[in-house]
Amino acid sequence: MLDFIRQYIICAVFVAMGLFLIIGNIAVMLSHRFKKTHVSGIPILGGFLIVIGFLTTPKPFKYLALLGLLDPTIWMQFVNIYYCKNEDAILNKRYAPFFAEHDFSPSREDESLQIVSSIIYKGREEFPHNQEYYYETNKAFRVGYPWALMMVTEKDGKRFLVLDTGTEGNLKKIDPEKISIHPFEENAVILHDVAGFLEGQMVIRIVKKDDPVHPR
């Protein structure tokens, strides 16, 4: 091994950097999964560096470039592309039984309104997280960072916020115990510490698009 490193130092450097990035990305993914923290990784680059490294070696070793494909972030990109392309259909299927069970009104849009969210995270009060969405009921929107899913829905002339903090990275599986329903009071819902990764104050408002306080 030491002879190989001495003889192909460029390869060794590239592979070492690639392994460092892969291990770092795996640590980030585990942190996302179990601690609900969010740190941006650098996907694909680790595997790419390993490929480049072994391609600098003579032919007997070039085939080791295929080890770069073991970088899990490469395959995660294909999964992400699938979910991004089909997210609306997946979420509609995910929540259809839930909306039917609670007898909420059918989905509708209102071009004169918008949904505005503001999250003031505990310990990060000086950096509020603000987002805006078009108004469509029974439509799942990502909210927060890391994100949960929220939907505005209607029933008997009243509005409700449906908040789902149980995605756990799986958009297909629903956990009823992690879904909460909150009535709007004067077109606003104010929540506190709704989940371990959403500690602080969350405010969801329904406003007019030309509202000077919440401009589009």
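The protein chain exposes about 13,300 Å², and carbon and sulfur atoms supply 62% of that area; accessible areas come from the Shrake-Rupley method with a 1.4 Å probe, and for residues only the protein chains shown count as cover. This is a predicted model, in which local features need pLDDT of at least 70 and side-chain atom pairs count only at pLDDT 80 or more, while totals for chains, interfaces and linings use all residues. Residues are numbered from 1 along each chain as its sequence is written, and side-chain values use heavy atoms, leaving out hydrogens and water.

Of the 216 residues, 39% count as buried (under 20% relative accessible area; exposed is over 50%, partly exposed in between; 1.4 Å probe, protein chains only). The C-alpha atoms fill a box of roughly 75 × 40 × 35 Å along the principal axes.

Now for the aromatic rings: the whole structure holds 11 aromatic pairs. Rings of Phe, Tyr and Trp (its six-membered ring) pair if their centres lie within 6.5 Å; planes under 30 degrees apart count as stacked, over 60 as edge-to-face and the rest as tilted. Here are two of the pairs.

| Pair | Type | Centre to centre | Between planes |
|---|---|---|---|
| F4 and F61 | edge-to-face | 5.1 Å | 70° |
| Y133 and F141 | tilted | 4.9 Å | 45° |

F4 is in helix α1 (residues 2–7) and F61 in helix α4 (residues 59–62), 57 residues apart. F4 counts as buried at 19% relative accessibility, whereas F61 is partly exposed at 30%. In the other pair, Y133 is buried at 10% and F141 is buried at 7%. Elsewhere, Y95, F98, F99, F104 and F160 form one aromatic cluster.

Methods
Helices (H or I, at least four residues) and strands (E, at least two) are DSSP runs, numbered from the N terminus.
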